[in-house]
Amino acid sequence: MFAVSIILSSMRVLIRNGTVVNATGRQQADVLVEDRRVAAVGPAIPGPADRVIDATGRLVFPGGVDVHTHLDMPLGAIRTSDDFGTGTVAAACGGTTTVVDYAVQSRGHSLREALDEWMARAAGHAAIDFGFHVCIADLRPEVEAEIADMVAAGVPSFKLFMAYPGRMMLDDGEIFRVLRRTAACGGLVCLHAENGTVIDLLVREAVRAGHTAPGYHATTRPAALEAEAVHRGIALARLAGAPLYVVHLSSAEALAEVAAARGRGDRVIGETCPQYLLLAAAATPDAEDARTAARTVISPPLRGRASQNALWAGLARGDVQVVATDHCPFFLDQKAVGHADFSTIPNGAPGIEHRMALLYDAGVASGRLSAERFVEVVSAAPARTFGLYPRKGVVAVGADADLVVFDPSGETRVSAATHHMRVDYNLYEGRTLAGAVETVMARGGVIVERGRFVGPAGGGRFLARAPFIPEP
Ligand code: URP
Ligand code: ZN
Ligand code: ZN
């Protein structure tokens, strides 16, 4: 299988007559791929080629970069349902050619052990290139000292949780210590910003009062507690002289904190996810049956229409820089353990496959985003922020030949019956989206054709990423 992938990816491939869209502009052009990289972009590139792909009427994007996934992640006695094999095939079918997954430190263990564990799960299994962030759950002095080693090993980003006390949460002093370290060595903190202490209190009170249906997950995690945590995280980062990346922004209130900080010149970067742009919480906690409501038990929770509109405006304006998925899938039966007590439902939902199609449909086709801004938020900005640019995130000479040929007049039908993710529901079941991923190349080899994965299993490579460089 490895020999086949070498032969395929050293071919000379010519993508003819497409509209090449980068974050900085578009051009009618051919793209020549040689030796796994983009060798030329321009009009009427001469042959011969081993393979010609006709992209007339098609858009040619750089491959998508999804910087927030949880593949093969243990959670108590269960684990997320997609492993690096199934999850990255699904990602590829949707036009994503790079993932950066969260390796989680176990209490009493080192960051290096987390990285080694996740490397063993991904290497030889991932169908597309992959990198890692590390979640720090146990900040002993020797762990703090490991932060610079991780940056040097190509893992320069660290997730810290302000939520999940007793499991993942760090206190403010610990968060400040990590921010100071990362500021000194080119690291970047990715912050899960929800006030876990107050949320835990609200959850316990709700359960005691008999408010146990899955819909109460959302009411016990109000937007004010996300905004408060974002505000606190930004204040700590400013004091530490550190940049800050706020993951999965879900609410207008939290976004306002990011926008205010950016307005002051703070180096704060905001991420949101399709679910927060496109889905709303049920009108009341008891509005849905338990099985339906359990599907969207994610943290932070879904909000209302006003937050969706604010996030779209933030994306268009530039206060939200990245759209990632927070792909964290569990089977419906795994979610069902908490039908009678929402606090026991595993948090997370699937999404790795349809990020590009959903954003194209609701962003570009609906007139909310230009095609260039779409490329910026799904590919260029995540690549830049996480030390992968210009190897990833751009169609340009010298970049890895990770390319998506996208048919803007095609359509994508979303259903759990046909998706590639190993999970038995889809948050967007039944939707028909404008535009379709047609062909996907990863480092010069065609891995998706007409919606089918045709690449080698386990063809992805580990990406050692560069330290964080602030925007000028
Ligand atoms: O509910 C979610 N988002 N689960 C995944 C873990 C996280 O906090 O990102
Ligand atoms: Zn999180
Ligand atoms: Zn996550």
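1. The zinc ion (ligand 3) and the zinc ion (ligand 2) lie 3.9 Å apart. This is a predicted model, in which local features need pLDDT of at least 70 and side-chain atom pairs count only at pLDDT 80 or more, whereas totals for chains, interfaces and linings use all residues. Residues are numbered from 1 along each chain as its sequence is written, chains are lettered from A and ligands numbered from 1 in the order in which they are written, and side-chain values use heavy atoms, with hydrogens and water left out.

2. His68 (NE2), His70 (NE2) and Asp326 (OD) coordinate the zinc ion (ligand 3) at 1.9 to 2.1 Å. Donors are N, O and S atoms within 2.8 Å of the metal (3.2 Å for Na, K and Ca); water is not among the atoms, so sites may look incomplete. Along the chain, the donors follow the spacing H-x1-H-x255-D. His68 and His70 are both buried (under 20% relative accessible area with a 1.4 Å probe, protein chains only).

3. The arrangement around the zinc ion (ligand 3) is tetrahedral because its four donor atoms subtend angles of 90 to 126°; the criterion for four donors is that all angles lie between 85 and 135 degrees.

4. An open sheet of eight strands runs in the order E6-E9-E10-E11-E12-E13-E14-E15, with parallel pairing. Strands E6 (64-69) and E15 (322-323) are at the edges with a single partner strand each, so one side of each has no neighbour in the sheet. Strands are DSSP runs of E with at least two residues, helices are runs of H or I with at least four, and both are numbered from the N terminus; two strands pair if DSSP finds at least two bridges between them.

5. Within this sheet, strand E11 (residues 157-161) is joined to strand E12 (residues 188-192) by five bridges, and the two run parallel. Ser157 has Leu188 as its bridge partner in E12. Helix H8 (residues 223-240) packs on the sheet and touches E12, strand E13 (244-246) and strand E14 (268-272).

6. Glu226 lies in helix H8. Glu226 counts as buried because its relative accessibility is 2%. Beyond its neighbours within four places in sequence, Glu226 is in contact (heavy atoms within 4.5 Å) with residues including Ala193, Glu194, His248 and Arg303. The side chains of Glu226 and Arg303 are joined by a polar contact of 3.2 Å, a term for a pair of N or O atoms within 3.5 Å; within protein, one must be able to donate a hydrogen and the other to accept it, and residues adjacent in sequence count only if both atoms are side-chain atoms.

Notes:
Axes are lines fitted to C-alpha atoms, for helices over the stretch in contact, and angles run from 0 to 180 degrees between N-to-C directions. Four donors count as tetrahedral if all angles lie between 85 and 135 degrees; four count as square planar and six as octahedral if opposite donors are over 155 degrees apart and all others between 65 and 115; anything else is irregular. Buried means under 20% relative accessible area, exposed over 50%, partly exposed in between (1.4 Å probe, protein chains only).
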